[in-house]
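Subject: Structure for your review

Dear colleague,

Please find below the structure that I am handing over to you.

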Amino acid sequence: MGSRAQAAPRYRDPVPAFGTAAPEAIEDALMRLAAENERHLSALPEEAGCFREPRIVEFMFLLADKWRLDQAARYQAVELLERFMTKQVEQMAKSSRKHCEQGGGSSWSSLEEQIYNTFVLRLVSCIQLASKLSLHYNRVNSDVALKFLQSLKFSYTKQELLESELAVLKALHFQVNVSTPLAYVELLLEVLGYNGCFLPTKPLHQMCIELLDFSYLSRDAIYDTLLKTTIENSAPSKLQVLWSI
């Protein structure tokens with residue numbers, strides 16, 4: 001019997017119901033998300049956003065669609081990869097500096113090659129982990145992941161795939177179930193529903209999903225437009241661009 005991730009019929013997201021939560025629950029959720037966002041922004045590394053290139057995000061979205069994952073898993077996978085790769089770059093940079101201080105010369109080129117050689121494997125591992133966080137949808141098991149990697153001419157084993165998942169988990173200190181932008185959007189829709197918004201739920205939610213997809217896929221263009229509008233200058237300096245990232 002084939003895996004669920006390989007089933008022929010495409011999954012269908014259930015229509016969300018908004019406006020049914022108790023006001024106390026909504027208030028608690030708003031406060032939790034606000035605090036979480038504040039912590040995230042206060043600890044935002046300089047490298048943040050480097051691994052959100054449109055082609056990377058598009059590749060992950062297409063792969064998530066191929067494996068029939070729900071919307072939350074798609075965004076979670078992108079966030080996991082961004083967080084993991086940022087951590088990996090930070091750790092490798094520290095290792096390279098330490099190596100230089102000990103008179104060993106720069107080892108950054110070999111570290112960069114290591115990142116390049118394992119990037120697709122780590123990307124697949126992040127999608128696998130994200131699929132496991134969505135308990136009511138398809139999970140991407142090792143057989144499905146390996147078959148895909150083999151189609152790209154990689155020769156990883158199941159053991160290497162498991163070790164890759166563990167590497168991501170350890171780097172993130174097993175804190176993988178973090179809120180994505182979708183959680184904020186759906187909470188705001190819940191507030192609208194509680195306040196008596198009579199707009200139909202399904203098309204409103206779908207429109208928000210499409211806008212989220214667009215913002216993920218067009219991040220650079222959106223930030224560039226916002227920067228130029230904010231500073232009222234169509235040709236921002238390199239310093240201004242750096243500060244906007």
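The protein chain contains 10 helices and zero strands. Please note that this is a predicted model. Read from the N terminus, the order of elements is α-α-α-α-α-α-α-α-α-α. Of the chain's 245 residues, 38% count as buried. Where contacts join residues at least 6 apart in sequence, 77% of them link residues at least 24 apart.

In soluble globular proteins, nonpolar side chains tend to be buried together. Here, the largest nonpolar core comprises 51 residues, and Met60, Trp67, Leu81, Leu123 and Ile127 have the most contacts inside it. At least two residues of this core come from each of the helices H2 (54–66), H3 (71–101), H4 (108–133), H5 (142–151), H6 (158–171), H7 (181–194) and H8 (201–217). Leaving aside residues up to four places away in sequence, Leu123 is in contact with Ile56, Phe59, Met60, Leu63 and Leu81.

The pairing of H1 and H7

Helix H1 spans residues 23–42, and its axis comes within 11 Å of that of H7. The two axes cross at roughly 150 degrees. Because this angle is over 145 degrees, H1 counts as roughly antiparallel to H7. The crossing of the two helices is left-handed. On the H1 side, the residues involved in the contact are Pro23, Ile26, Ala29, Leu30, Leu33 and Asn37. Their counterparts in H7 are Ala183, Tyr184, Leu187, Glu190, Val191 and Tyr194.

The loop between H5 and H6

Leu152 lies in the loop between H5 and H6. With a relative accessibility of 38%, Leu152 counts as partly exposed, since that value falls between the limits of 20% for buried and 50% for exposed.

Cysteines

Cys126 has a relative accessibility of 0% and therefore counts as buried. Cys208 is also buried, because its relative accessible area of 17% is under the 20% limit. As for disulfides, which require a pair of cysteine sulfur atoms within 2.5 Å, the count comes to zero.

With kind regards

Notes. Residues are numbered from 1 along each chain as its sequence is written. This is a predicted model: local features need pLDDT of at least 70, side-chain atom pairs count only at pLDDT 80 or more; totals for chains, interfaces and linings use all residues. Side-chain values use heavy atoms; hydrogens and water are left out. Buried means under 20% relative accessible area, exposed over 50%, partly exposed in between (1.4 Å probe, protein chains only). A nonpolar core is a set of buried Ala, Val, Leu, Ile, Met, Phe, Trp, Tyr and Cys residues joined through side-chain atoms within 4.5 Å. Helices (H or I, at least four residues) and strands (E, at least two) are DSSP runs, numbered from the N terminus. Contact means heavy atoms within 4.5 Å. Axes are lines fitted to C-alpha atoms, for helices over the stretch in contact, and angles run from 0 to 180 degrees between N-to-C directions. Angles under 35 degrees count as roughly parallel, over 145 as roughly antiparallel, 65 to 115 as roughly perpendicular and the rest as oblique. A crossing is left-handed if the near helix is turned anticlockwise from the far one by less than a right angle, and right-handed if clockwise.
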